[in-house]
Protein chains: 2
Amino acid sequence: MDAVDVIAEVPTSARKRERGGGRDGRRAGQGNRPPNRTTPYIMRNIPTYDVLGEESLIRIEDTADRILAEIGIEFRDDPVALEHWKSAGASVEGLLVKFEPGMLREILKSAPATFTQHARNPANNIEIGGKSVVFAPAYGSPFVMDLDKGRRYGTIEDFRNFIKLAQSSPWLHHSGGTICEPVDVPVNKRHLDMVYSHLKYSDRCFMGSVTAESRAEESIEMARIVFGRDFVDRNCVILGNVNVNSPLVWDGTMTNALRAYARANQAAVIVPFILGGAMGPVTSAGAIAQSLAETMAGCALTQLERKGAPVIFGNFLSSMSLRSGSPTFGTPEPAIGSMVIGQLARRLNLPLRCAGNFSNSKLPDAQAMNEGTMSMLSAVHCGANFILHSAGFLDGLLAMSYEKFVMDADFCGALHSYLAGVVVDDNTLALDAFREVGVGKHFLGCAHTMENYQTAFWDSSIADNEPFEKWDTAGRTDAASRANQRWKQMLADYQAPPMDEATDEALLDYVERTKATQADAWY
Amino acid sequence: MDAVDVIAEVPTSARKRERGGGRDGRRAGQGNRPPNRTTPYIMRNIPTYDVLGEESLIRIEDTADRILAEIGIEFRDDPVALEHWKSAGASVEGLLVKFEPGMLREILKSAPATFTQHARNPANNIEIGGKSVVFAPAYGSPFVMDLDKGRRYGTIEDFRNFIKLAQSSPWLHHSGGTICEPVDVPVNKRHLDMVYSHLKYSDRCFMGSVTAESRAEESIEMARIVFGRDFVDRNCVILGNVNVNSPLVWDGTMTNALRAYARANQAAVIVPFILGGAMGPVTSAGAIAQSLAETMAGCALTQLERKGAPVIFGNFLSSMSLRSGSPTFGTPEPAIGSMVIGQLARRLNLPLRCAGNFSNSKLPDAQAMNEGTMSMLSAVHCGANFILHSAGFLDGLLAMSYEKFVMDADFCGALHSYLAGVVVDDNTLALDAFREVGVGKHFLGCAHTMENYQTAFWDSSIADNEPFEKWDTAGRTDAASRANQRWKQMLADYQAPPMDEATDEALLDYVERTKATQADAWY
């Protein structure tokens, strides 16, 4: 039986009724619409993948406790943080803080297990925690690249382009933060342009600056212009992603930003970035214990700044090539290690952030999607609620690729279907279809197929699924060249979400006034 | 802290001691040696990923039972099979066989949960069942392709080349079967050349022909020449992969071959190939129930032919693009559906075969490795013991790609590390390393790193992990072009495993005599 021969039997009119919509839908980079798209994020219908047993988890937790109690964590350039720790009963000697076993867990009980991040368009509000899964673009690359112009430093135009691409994709849920560094804007002012761009060109949730306490506060202030001061004090509308300076150091820049977000009742995302063998042990269990210790300390500090403030337990495990000294990404050890981090975060009852899709490749090639798919599936399996870096990374986190971005967004679409799991009910079991079709015949024309095929299967908008001969005569494209066409079309088709003029003017006025208070700084 | 800067502190002599070894190892396509390489297959150290609960599994099993009892399965052109079913108490009307609920499960109790397949070199014997995972090359493509010559029909030279590549890879465990169709050899004689090539150019386990009962028997006869008649009667030395003609038809060619393998105490692999919406329902739950029904019938037939014969529960779920009518591969629905198949196979206590790494792409590009990685990880997560199609497939199963083959073999290496899981013990928890390093310093030179780094991380032999500038000046290669260099080097370096002259002569004599008994047939 040949599927290609019998497809002709599906009436054309029925084929055209596809949700997500035919040629136009595909042109917009959508593919079809899988079932798991009733909320502006994903509610997972498959369990998390728990790889370690209770005994091993307890040993890792005990090790984290011993690291915290015996070695401690240094808090630099933030006297207020040290005061918080003293008041909470930690041992503080100089900059070094040591914690009795169990102390941080006790403090963390006030952090919510789930919270809502509000978007400018309430239809795009997201839940963070529980069974929810949110995909956000990659974050923090100094470079951008595409097939036409190669690699170069990112600009504010690139930054806006990626916001527009994310906003245009039905498979991403969040506008992200520093999608790429706009290096054509002064370092001390670019956060204002970035936050304005997120608010203006997207109506989804977004992230603010963390590179200085003042920039964090200014990011939040801009959110207050849009959402209102009281609303922001009562609801989360902005996230700030803060990194530990692993091993076992929290820099004041980060803790001051973290406290600014918490103080405003906004969610800090607490993320150690551990390259095993460099910023942590070369063995996964130790790196995971360290990650747990560092993250618990950061999360607890938010609760000391403001009890009950939302906070996200983050992680970024990575490996390195000890032959060349280069960090490696999308490798198996961090992929399986993230599953353990997920188990530990759930035992703390905190929402989990994981890093999604990244690769060391310098091109949107086979390596890029092998490493990217491995790491993204790990993020999905480990139960991450907020998956940063879901789309765009190449070059070992150093570059945002336009082509990789749309490939990854397409894969995020596939993951909507994947996370919907296998639904088991009378319709899906299809006993009537077997009765109708019998033995040795095909199911293409049967009633059950006609009723279900429109939402049955994910249909990628990047993949080529044509027979070889059709692909051959159509120009023998590879995925990268199709992605190149796609992002250009998406940018051409982009439509800005409406924003009322008064809000826009107030934002622009704030940006202008704030910029005027200081001279440009370029490093 | 910059990992690239501090790598210099690792003594050169220590770096050179790497297992799997430096430049030579890398040239042979090995990368480094992850921990999970103490057996000639993998013993998984992570649990399977069970996505459905008990109630849903029972509903699928009940549906399979109702399909078997109410609709039945047709057995064509095999009167002996019909006799077996009659004797076993099934209802047989014409070619249609119906089974009382529970009947097949009862018959299947005599099949072993685990068995050994013996290799010509006993060091390469594999276990199939339980926690073992075996990677075998892809199977059955009429075409081959490489970057130099594009796509063309496979030849016996291509066939031998892929055996040599598989034999040269430390990350594949099995020589496979019809790796590609050698279309320059007559259809009715090519199985003799294929089996001879597996035995001659590889010393690992392999598969025989199933395209006619006589060809299955001749494949087994050649195994007897190598292993001895009595040994073969008592031990599994050859597998035969037989396909259901879904929906609900077993063709006589296949059942005669499966009975030939079972009769000789060799393992048949029972595989429905269901494109949802064509050979089965468009909804996964129904396709899974059908797959279960068809596979149980095939597996049970081996037990009626010879009670206790080894048999493998196989499956191949796939989706189709109902827009174009093309089958699609590496898509999310079959990936998650395979996890359910795994749960069902374990409830039957049978070894599981799953399909590994496949894609619709016509090139070893980003699509190829996105779809391939998705499907291969599904095979690994679902608990498959024998993963056919672990390396090489492109073009929707129609072509074996030389470049994809070595990329996939490299990914199989990564999966050795992945399946080793996270080991939790005093060494990996590394508390002494934290004590040695303290806060804010790096782990590169510490004693724990020196003791563990050689086996800590998978290091791909295909991926580029260099900084951008080094990659740029080294020629800006993509993964496909590196793979192109790699397979050529592997073929140049290939060394045939020794075979004693008498055995070789006996095999060649058998091939010659058997070929002489009939005229060439070309279709």
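Guide: Let's start with a term: a polar contact is a pair of N or O atoms within 3.5 Å, and within protein one must be able to donate a hydrogen and the other to accept it. With that rule, the count between chain B and chain A comes to 40 residue pairs, both partners at pLDDT 80 or more. That threshold is there because this is a predicted model.

Visitor: Which element of chain B gives the most to the side that touches chain A?
Guide: That's helix α14 (residues 366-381) of chain B, with nine residues. By residue kind, the side of chain B that touches chain A splits into 60 nonpolar, 41 polar and 28 charged.

Visitor: How many residues of chain B are in contact with chain A?
Guide: 129 residues of chain B, in contact with 129 residues of chain A. The area buried between the two chains is about 10,700 Å², and carbon and sulfur atoms give 67% of that. In chain B, Y49(B), R323(B) and F457(B) lose the most area to chain A, together 9% of what that side buries.

Visitor: What makes R59(B) and D426(A) a salt bridge?
Guide: The cut-off is 4 Å between a side-chain nitrogen of Lys or Arg and a carboxyl oxygen of Asp or Glu. R59(B) and D426(A) have N to O at 2.6 Å, so the pair passes the 4 Å rule.

Visitor: Why can the salt bridge of D50(A) and R346(A) be said to tie together parts apart in sequence?
Guide: Take the bridge itself: the closest N and O atoms of D50(A) and R346(A) are 2.9 Å apart. D50(A) lies in the loop between β1 (42-43) and α4 (54-71) of chain A, while R346(A) is in helix α13 (residues 332-348) of chain A, so the parts being tied are 296 residues apart in sequence.

Visitor: How do you know how the two copies are related?
Guide: A rotation of 180° with 0.0 Å of shift along its axis superposes chain B on chain A, with an RMSD of 0.0 Å. The copies are thus related as by a two-fold rotation axis. Of the residues of chain B, A366(B) comes closest to that axis, its C-alpha at 2.1 Å.

Visitor: And why say that the copies meet through the same surface?
Guide: Because 100% of the interface residues of chain B are also interface residues in chain A.

Visitor: What makes β3 and β12 of chain B edge strands?
Guide: They belong to an open sheet of four strands, in the order β3-β4-β2-β12 (chain B), with mixed pairing. β3 (91-93) and β12 (249-250) each have a single partner strand, so one side of each is left without a neighbour in the sheet.

Visitor: Why do β2 and β4 of chain B count as a pair?
Guide: Pairing takes at least two bridges. Strand β2 (residues 73-75) and strand β4 (residues 96-98) of chain B have two, in the antiparallel sense, so they qualify. I73(B) stands opposite V97(B) in β4(B).

Visitor: What do β8 and β9 of chain B form?
Guide: A hairpin, with three residues between them. Four bridges join strand β8 (residues 143-146) to strand β9 (residues 150-153) of chain B, and the two run antiparallel. M145(B) stands opposite R151(B) in β9(B).

Note on methods
Residues are numbered from 1 along each chain as its sequence is written. Chains are lettered from A and ligands numbered from 1 in the order in which they are written. This is a predicted model: local features need pLDDT of at least 70, side-chain atom pairs count only at pLDDT 80 or more; totals for chains, interfaces and linings use all residues. Side-chain values use heavy atoms; hydrogens and water are left out. Contact means heavy atoms within 4.5 Å. Buried area is the accessible area (1.4 Å probe) that two parts lose on being put together, summed over both. A polar contact is a pair of N or O atoms within 3.5 Å; within protein, one must be able to donate a hydrogen and the other to accept it, and residues adjacent in sequence count only if both atoms are side-chain atoms. Ala, Val, Leu, Ile, Met, Phe, Trp, Tyr, Cys and Pro count as nonpolar, Asp, Glu, Lys and Arg as charged, and the others, Gly among them, as polar. Copies are superposed by least squares on the C-alpha atoms of residues with pLDDT of at least 70 in both.
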